[in-house]
Amino acid sequence: MNFSSTKAVISGGASGLGAGVAKAIVDAGGQVALLDINEEQGNAYAAELGTNASFFKTDISKDEQVTASIEKASNHMGGINTAIGCAGVLGNGRILSKKGPMPGDFFQKVVDINLVGSFLLTREAAKHMQQNEPNEQGERGVIIHTASIAAFEGQFGQIAYSATKAGLVGMILPAAREFARDGIRAMAIAPGIFETPMMEGVSDDIRQSLYDSVPFPSRFGTPDEFALTVRHIVENPMLNGSVIRLDGACRLQ
Ligand SMILES: NC(=O)c1ccc[n+]([C@@H]2O[C@H](COP(=O)([O-])OP(=O)(O)OC[C@H]3O[C@@H](n4cnc5c(N)ncnc54)[C@H](O)[C@@H]3O)[C@@H](O)[C@H]2O)c1
């Protein structure tokens, strides 16, 4: 698909990786609808991006909110041909910590946002994409989720996060298979360590040790580099049903 004719809904689009993708799409001439729980930041960022950007306050884990926001986004942009899932939370914690066992509802909350939210975005975006006229390659849309290398190498204290990201990886192939007849592709990107507000609290010591864990280039990735991968997925119709690691050869220990 042509990146400049992108009409994208972006969950978590008010910050970090989602915000970086939104800027790349708008800069290329496409349209974006940001879906995020952070209303102040979402409205401000949509205003900064200009008339090709809109914001719809959405808790991605809530079924009715996702349905309503994607309907509004589709009406606003005149359809949807791209969905990018970037909403997510870290949900760090041990199963059994000094403070006590991890509460089941804490684990459930991380599942609701990172995994159920990704399912709801997939379902609602695909529903709208099915209405599109196919392009000359038969494509009606593409869905791109953000997993993590923690899906494959979950670290100590990442029980909930890794479980949700592995679950997300598991959704990609069945989604691609189911939507193949509609010309809708499903992909995921598994980033290593990226410079976003999610990483802001990291101390200098830990930051250096994280840099050292990336063979090359030994630094955090940037939202621009993430957006470049999204762009390639949108433009390359053979990319379907798989997960791209974007990690500078980092393997979490
Ligand atoms: N930064 C990294 O190093 C890194 C690495 C691997 C994967 N990821 C994944 O990338 C995605 C984006 O992360 P980021 O680093 O840009 O973080 P971020 O904190 O900058 O952005 C996450 C966004 O999601 C939104 N959000 C949180 N809960 C939500 C909810 N219930 N409904 C709607 N929006 C909600 C937040 O308001 C925020 O705008 C996440 O899924 C994260 O797990 C990040």
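Me: Setting aside its neighbours within four places in sequence, which residues is Thr 229 in contact with?

Reply: A contact is read from heavy atoms within 4.5 Å, and in this predicted model Thr 229 is in contact with Ile 189, Ile 244 and Leu 246 once the neighbours within four places in sequence are left aside. Thr 229 itself lies in helix 7, which spans residues 223–235.

Me: Is Thr 229 buried or exposed?

Reply: Burial is judged from relative accessible area, with under 20% taken as buried. Thr 229 counts as buried because its relative accessibility is 12%.

Me: Where is Ile 189 placed, and how is its burial to be read?

Reply: Ile 189 has its place in strand 8, residues 184–191, and it is buried, with a relative accessible area of 0%.

Me: Which backbone oxygen does the side chain of Ser 118 reach?

Reply: For a polar contact one looks for a pair of N or O atoms within 3.5 Å; here the side chain of Ser 118 reaches the backbone oxygen of Asn 114 at 2.6 Å. Ser 118 is found in helix 4, residues 104–129, and is buried, with a relative accessible area of 8%. Leaving aside neighbours within four places in sequence, Ser 118 is in contact with Ile 113, His 145, Leu 168 and Met 171.

Me: Let us turn to the backbone. Which residues does a cis peptide bond join, and what is to be said of phi at Ala 249?

Reply: The angle to read for a peptide bond is omega, which is about -5° at the cis bond joining Phe 216 and Pro 217; Pro 217 lies in the loop between helix 6 (204–212) and helix 7. Phi of Ala 249 is near 70°, a positive value in a residue other than glycine. Ala 249 is found in the segment after strand 9 (243–246) and counts as partly exposed, at 42% relative accessibility.

Me: How should I read Lys 57, which lies in strand 3?

Reply: Strand 3 covers residues 53–57, and Lys 57 counts as partly exposed because its relative accessibility is 46%. Not counting residues up to four places away in sequence, Lys 57 touches Asp 36, Ile 37, Glu 39 and Ser 69. The C-alpha atoms of Lys 57 and Asp 36 are separated by 5.4 Å, while the residues are 21 apart along the chain.

Me: How many residues surround the ligand, and which are the closest?

Reply: The ligand is surrounded by 28 residues, of which the closest are Ser 15, Asp 36, Tyr 161, Phe 194 and Thr 196. Helix 1 (16–27) and helix 5 (159–179) each supply at least two residues of this shell, and the space taken by the ligand is the largest pocket.

Note on methods:
Residues numbered from 1 in each chain as written. Predicted model: local features only at pLDDT ≥ 70, side-chain atom pairs only at ≥ 80, totals over all residues. Heavy atoms only, no water. Helix = DSSP H or I, 4+ residues; strand = E, 2+ residues; numbered from the N terminus. Buried < 20%, exposed > 50% of the residue type's maximum accessible area, 1.4 Å probe, protein only. Near = heavy atom within 4 Å. 1 Å grid on protein atoms, 1.4 Å probe; cavity = no way out; pocket = protein on both sides within 12 Å on 5 of 7 lines; lining within 4 Å. Sits in = over half its atoms within 2 Å of the grid points. Polar contact = N/O pair within 3.5 Å; in protein donor to acceptor, adjacent residues only side chain to side chain.
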